[in-house]
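Subject: Structure handover

Hello,

Here is the structure I promised to pass on. Please open it first, then read my notes below.

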Amino acid sequence: MNRNFKDGLNFLSKVTPARAWNASKVLSSFYASKLSGKPNHSGMPISISIEPTTSCNLRCPECPSGLRSFTRPTGMLKTELYQSVIDQLAPSLSYLIFYFQGEPYLHPSLVDMIRYTSNKGIYTATSTNAHYLNDQAAKNTVESGLDRLIISIDGTLQETYESYRVGGNLEKVIEGTKNIIRWKRELKSKTPHVIFQFLVVKPNEHQVDEVKKLATELGVDEVVLKTAQIYDYKNGSDLIPTIDQYSRYQKKSDGTYEIKNELEDHCWKMWHSCVITWDGKVVPCCFDKDAHYVLGDLTKNTFKEIWEGQSYHQFRSSLLQSRSEIEMCRNCTEGTKVWA
């Protein structure tokens, strides 16, 4: 059976009547808002991302964690806060991503948090640079019930890999991947669905076929090619690929660059998902990396109070009126298509 198909079936197996009903309410309210231009919203999030930590072992050049450029504090998610969020959302939540900024496996209780969520029947995923997937961590990960493991691998040779993953070691990434695959086999586990995520930039664009070959050799389930977000793209960048299909940006006649995406005045993400930082702040989406648009604080209010509150209502309204005026949206290539 196709591995992606099996992953899809696994996700569908966790959809309860309550979660399906919640998703239908969210979807219908999104389309109603899109048609009317007014922020009609019902239901709770279908998906959330939660940040285990902002700490990271690498120094990637377009990442606030890697650059140590955050203005917000660095820290670790508290177990009590995490469990409170999951307990509030479990009846309606379908998908949870243990990742925002930072390296999730630096959190000492990551696997325990995954297990807590998996036991509630929620589809779980995380994204890692795989430097901490030693034998025991890999075994614990497979046993935790994690459904999807995204491994960042941005090169098939050390020289190419470290040109973006500064401070990284490709051998550790490959070894960590092997550990996960081996324990899946030994434990006869169908999960996690292992994905190689290849961030296509100019230094590695020639290795797309090579990373697919490597994934097949290792037994990885899927390869995802991801376009890179460049913060200062207008005058070009050494990271912008020369292969057009892998670039978020296009060159104009005057030699400057512009984003390909048209900023339509709506955003599916504002209806079906959100991001929770390690210290309990609720922000609109993953493009708000430094948490400039805080819509609520879970140490002070319940999730439902924040999700249905005035700040969220006003933010959704501003998207429907003029999304291009919101700073974090100007470099966005996501959000306009309905999640699936």
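Start with Gln229. This residue lies in the loop between β6 and β7 (249-251). Helices (H or I, at least four residues) and strands (E, at least two) are DSSP runs, numbered from the N terminus. Gln229 is buried, at a relative accessible area of 13%. Buried means under 20% relative accessible area, exposed over 50%, and partly exposed in between (1.4 Å probe, protein chains only). The side chain of Gln229 makes a polar contact with that of Lys289, at 3.1 Å. A polar contact is a pair of N or O atoms within 3.5 Å; within protein, one must be able to donate a hydrogen and the other to accept it, and residues adjacent in sequence count only if both atoms are side-chain atoms. Setting aside residues up to four places away in sequence, Gln229 touches Glu62, Arg248, Tyr249, Phe287, Lys289 and Asn331. Contact means heavy atoms within 4.5 Å.

A word on the basis. This is a predicted model, in which local features need pLDDT of at least 70, side-chain atom pairs count only at pLDDT 80 or more, and totals for chains, interfaces and linings use all residues. Residues are numbered from 1 along each chain as its sequence is written, and side-chain values use heavy atoms, with hydrogens and water left out.

Next, the sheet. Nine strands form an open sheet with mixed pairing, in the order β6-β5-β4-β3-β2-β1-β9-β10-β11. Its edge strands, β6 (222-227) and β11 (296-297), each pair on one side only. Two strands pair if DSSP finds at least two bridges between them.

Now walk across part of it. β2 (residues 95-98) and β3 (residues 123-128) run parallel, joined by four bridges. Here Phe98 stands opposite Thr126 in β3. β3 also pairs with β4 in the parallel sense, over four bridges. On that side, Thr126 stands opposite Leu149 in β4. β4 and β5 (residues 193-200) pair in the parallel sense over five bridges, and Arg148 stands opposite His193 in β5. Four of the five residues of β4 (residues 148-152) are buried, so this strand is largely enclosed by the rest of the structure.

Apart from neighbours within four places in sequence, its contacts are Ile48, Ile50, Tyr82, Ile86, Thr117, Ile122, Tyr123, Thr124 and Ala125.

Finally, some backbone details. Thr191 and Pro192 are joined by a cis peptide bond, with omega about 5°. Pro192 lies in the loop between α8 and β5. Lys188 is found in the loop between α8 and β5 as well. Lys188 has a positive phi of about 50°, although it is not a glycine. Is Lys188 buried or exposed? At 76% relative accessibility, Lys188 counts as exposed. Ala130 also has a positive phi, near 70°, in a residue other than glycine. Its place is the loop between β3 and α6. Ala130 is buried, with a relative accessible area of 1%.

Best wishes
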